[in-house]
Amino acid sequence: MAIVSSADAGLRAASRATIVQLRAPTLTAAQVETEAMKLVGSSPVPVVISSRADLAVACDAAGVHLPERDIATADARKLVGRRLVGRSVHSLEGAAAAESEGADYVIFGPVWASASHPGVAPVGVEALATVSRSVRIPVLAIGGVTDERIAECHAAGAAGYAAIRMFE
């Protein structure tokens with residue numbers, strides 16, 4: 001999953017990613033809508049919108065991705081219907097809760113130290129393996145993922161990975 005802050009970045013990332021997440025916390029809702037419309041309308045891969053179930057529906061995106069402290073998965077599901085609902089989590093308990101609440105996938109981490117989240121302690125590959133074995137929904141690794149670490153993510157049982165810097 002490529003995590004990007006603009007439609008242009010998303011379209012560049014779509015050649016290497018299987019899904020694109022538009023995450024633009026500094027933009028207004030109207031600006032996110034403009035970027036999302038452009039990205040959803042042109043992307044060859046599915047697009048999810050970060051934190052904005054309303055915009056995911058309005059833009060006909062594939063779904064919404066929710067940070068751990070965002071609205072409840074069940075509430076997002078009411079808004080987006082059969083579209084994807086993903087959740088970022090940082091613990092086994094968070095992953096299990098997201099699964100039981102109906103999330104379609106979780107992003108787990110940071111597995112390694114990440115420039116995107118300075119000062120946040122990495123959870124490590126063993127924790128990724130534990131979460132991947134403990135839930136039935138796909139787990140994507142995030143945090144410090146590099147081309148050299150992708151195989152390690154898969155070996156730990158992750159269905160894939162999410163990254164910001166790899167797709168900038």
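Just after helix α5 (residues 92-100), G102 takes a positive phi of about 100 degrees. Helices here are DSSP runs of H or I with at least four residues, strands are runs of E with at least two, and both are numbered from the N terminus. The model is a predicted one, so to speak of local features takes a pLDDT of at least 70, side-chain atom pairs count only at pLDDT 80 or more, and totals for chains, interfaces and linings use all residues. Residues are numbered from 1 along each chain as its sequence is written, and side-chain values use heavy atoms, with hydrogens and water left out.

Back in α5 itself, G94, A95, A98 and E99 are buried (under 20% relative accessible area, with exposed meaning over 50% and partly exposed in between; 1.4 Å probe, protein chains only). These four cover an arc of only 135 degrees around the axis, so they sit on the same side of α5; the arc is taken from the directions from the helix axis to the C-beta atoms. On the other side of α5, E93 and S100 are exposed. The buried residues of α5 pack against β5, β6 and α6 (125-134), where contact means heavy atoms within 4.5 Å.

Strand β5 (residues 84-89) has five of its six residues buried, so the rest of the structure largely encloses it. Four bridges join β5 to strand β6 (residues 105-108), and the two run parallel; strands count as paired if DSSP finds at least two bridges between them. V89 has F108 as its bridge partner in β6. From β5 the chain crosses through α5 to β6, and this β-α-β crossover is right-handed: with the strands pointing away from the viewer, the path from the first strand over the helix to the second runs clockwise.
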